[in-house]
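Q: Could you walk me through this one? I would like to hear about its holes and its helices.

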Amino acid sequence: QLAAADRFVAAVRAGGFQPFLLDGVTGSGKTECYFEAIAEALRARRQVLVLLPEIALTENFLRRFEARFGTPPVLWHSGLKQSERRRAWRAIVSGQAQVVVGARSALFMPYAALGLVVVDEAHEVSFKQDDGVRYNARDVAVIRARFEQVPVILASATPALESLQLAESGTYAKIDLPAR
């Protein structure tokens, strides 16, 4: 965990596009590893986007996040009221929102100073948009990170075959956490 966290922190410090595949069994500490990268981005006064596949997973994540950082992140998903969306949008655009936790649509927000992108449970099929414009948020997150020149961490206990292939080819740096 420490070695993984150190690599992520170094990537955030260095800036620039660096894609990581964090492959770890359930309970191996993937979240704690990328929390260190989030902490580094916050120290550098940069914004962080954390994509979660479903709103239902958000509650547990929010408790862990708030326990670690002392404040809740800004949420972005389809279940927000119009007034909540407007408030979140303004905070994101102004840079006041330091960490945004959201569904796939959070990728398209106009971040003032994006410094890190994290895709948790990157293998989840709910990251795929099948109606209207078709896309996979996991892949768009990597493209957005490249565009913004920031590190991106794809965290998963069961990585997608495409991600494993990109790690094997050297496109993604693969970090394994094989034990709890």
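**Cavity, pockets and a helix pair**

A: The lining of the largest cavity consists of L52, P53, E54, I55, T58, L75, W76, H77, V101, G102 and A103. On a 1 Å grid over the protein atoms alone, a cavity is a set of points where a 1.4 Å probe fits but cannot get out, and lining residues have an atom within 4 Å of a point. This is a predicted model, where local features need pLDDT of at least 70, side-chain atom pairs count only at pLDDT 80 or more, and totals for chains, interfaces and linings use all residues. Residues are numbered from 1 along each chain as its sequence is written, and side-chain values use heavy atoms, with hydrogens and water left out.

Q: What volume does the largest cavity have?

A: About 60 Å³, where a volume is the space filled by probe spheres set on the points, and grid points are joined across faces, edges and corners.

Q: Which elements give two or more residues to that lining?

A: β3 (74-76) and β4 (99-102). Strands (E, at least two residues) and helices (H or I, at least four) are DSSP runs, numbered from the N terminus.

Q: Now the pockets. What is the volume of the largest pocket?

A: The largest pocket has about 360 Å³. A pocket is an open set of points with protein on both sides within 12 Å along at least five of seven lines.

Q: Which residues are closest to its centre?

A: Of the 15 lining residues, those are T31, N60, R64, D120 and E121. Both α2 (30-43) and α3 (58-69) supply at least two residues of this lining.

Q: And what lines the second largest pocket?

A: L42, F65, F69, T71, P72, P73, V74, Q96, A97, Q98 and V99. That pocket has a volume of about 150 Å³.

Q: On to the helices. At what angle do α2 and α3 cross?

A: Roughly 50°, with axes that come within 12 Å. Axes are lines fitted to C-alpha atoms, for helices over the stretch in contact, and angles run from 0 to 180 degrees between N-to-C directions.

Q: What does that make them to each other?

A: Oblique, therefore, for α2 and α3; angles under 35 degrees count as roughly parallel, over 145 as roughly antiparallel, 65 to 115 as roughly perpendicular and the rest as oblique.

Q: Which residues make the contact?

A: From α2 they are T31, E32, Y34, F35, E36, I38, A39 and L42, and from α3 they are F61, R64, F65, R68 and F69. Contact means heavy atoms within 4.5 Å.
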